[in-house]
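Please open the model in a viewer and follow the selections below in order.

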Amino acid sequence: MNLRVMTFNLLTSTKQKRRHPWRLRRRNIARIFDQWQPDVVGTQEANFRQLKELSDLLPNYDFLGEGNLGGSMAHSDNSWYCATFYRRDRIRPMGSSGGSEALWLSPTPEVPASQFHLGTRPRLVTWNNFEIIGSAQPFVFGTTHLEAVNSWHRQRSVAQIRQHVSQKMEELGENIPLFLTGDFNAVAKSPEIKALMDRDRPNEPLNDAWAEAHGVESPEGATFRGLGLRDRLGHALLGPRRIDYVFYRPRLEIKTVQRIDFEGLEHRATALPSDHYPVCADFQLAP
């Protein structure tokens with residue numbers, strides 16, 4: 001039984017809105033969904049209006065999620081969602097709302113829009129419980145978007161995520177597949193990514209699908225593309241960066257893991273889908 005998982009930072013509509021307007025980008029994003037037919041997609045950074053408009057172009061998909069500003073600000077264009085799209089013919093939420101859970105990465109995770117000190121904006125992780133239709137195979141799916149600037153913030157967030165993964169395993173059992181997708185704003189050799197996988201630390205570790213499938217890092221795995229002059233300068237100074245991940249547990253058979261490039265998707269030269277490349281991973285869950 002295969003499961004195709006994707007992670008995709010969709011780029012909020014309030015950025016690059018002149019050179020890369022959302023009204024053009026959304027159609028190219030929909031083309032990626034149509035071409036790759038992922039079963040479940042963890043998205044980051046889009047606001048609620050973007051998600052609704054993208055959903056209108058994807059009749060076979062529904063989505064669940066929460067905006068980082070929460071509460072009355074959740075539908076603001078400035079509220080970045082961690083949202084999950086899923087194929088209705090393949091996947092269904094377990095329970096009335098898929099066991100949806102939103103936790104802010106902060107000392108008070110149940111408080112909407114809370115954050116660790118010196119963060120650039122509130123950050124969160126959303127979780128949903130799904131099952132594959134016709135198989136009764138359950139799995140847990142999460143998506144997150146970590147702090148962009150402060151490494152200490154990311155390390156605190158990773159420790160919190162690991163603790164919550166362990167709680168999930170205690171509730172649901174160690175053998176249930178769990179996936180965590182996201183824009184982690186950190187390269188594979190960073191302390192925060194290593195900490196997420198470190199088996200000598202407390203709480204449940206995760207596995208990096210790209211690293212398991214491809215081994216050493218290479219420019220072909222870099223996921224931050226960028227769209228403007230500042231991004232080009234960043235590339236020149238920092239080099240290619242793989243900062244978007246599909247993590248999973250327990251050990252599963254990986255069929256393929258691919259970065260999805262944008263060749264042939266330009267509606268016009270100024271309508272690239274996003275400043276991040278999506279990553280798509282195929283897993284074998286059961287015979």
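Begin with strand β11, which gives three residues, the largest share, to the lining of the second largest cavity; strands (E, at least two residues) and helices (H or I, at least four) are DSSP runs numbered from the N terminus. This is a predicted model, in which local features need pLDDT of at least 70 and side-chain atom pairs pLDDT 80 or more, while totals for chains, interfaces and linings use all residues. Residues are numbered from 1 along each chain as its sequence is written, and side-chain values use heavy atoms, without hydrogens and water.

Next, select Asp208, Ala209, Trp210, Arg242, Asp244, Tyr245, Val246, Val257 and Val279, the lining of this cavity. A cavity is a set of points on a 1 Å grid over the protein atoms alone where a 1.4 Å probe fits but cannot get out, and lining residues have an atom within 4 Å of a point. Two or more of the lining residues come from each of α5 (209-214) and β11 (244-249).

Move to Arg121 and Trp80, which both line the largest cavity. The charged end of Arg121 sits over the Trp80 ring, 3.7 Å from its centre (CZ of Arg or NZ of Lys within 6 Å of the ring centre and within 35 degrees of the ring normal).

Finally, select Phe63 and Phe85. Their ring centres are 5.2 Å apart and their planes lie at 35°, so the pair is tilted (centres within 6.5 Å; under 30 degrees is stacked, over 60 edge-to-face, the rest tilted). Phe63 lies in β3 and Phe85 in β4, 22 residues apart. Both are buried, with under 20% relative accessible area (1.4 Å probe, protein chains only).

Definitions and conventions
On a 1 Å grid over the protein atoms alone, a cavity is a set of points where a 1.4 Å probe fits but cannot get out, and a pocket is an open set with protein on both sides within 12 Å along at least five of seven lines; lining residues have an atom within 4 Å of a point. Rings of Phe, Tyr and Trp (its six-membered ring) pair if their centres lie within 6.5 Å; planes under 30 degrees apart count as stacked, over 60 as edge-to-face and the rest as tilted. Buried means under 20% relative accessible area, exposed over 50%, partly exposed in between (1.4 Å probe, protein chains only).
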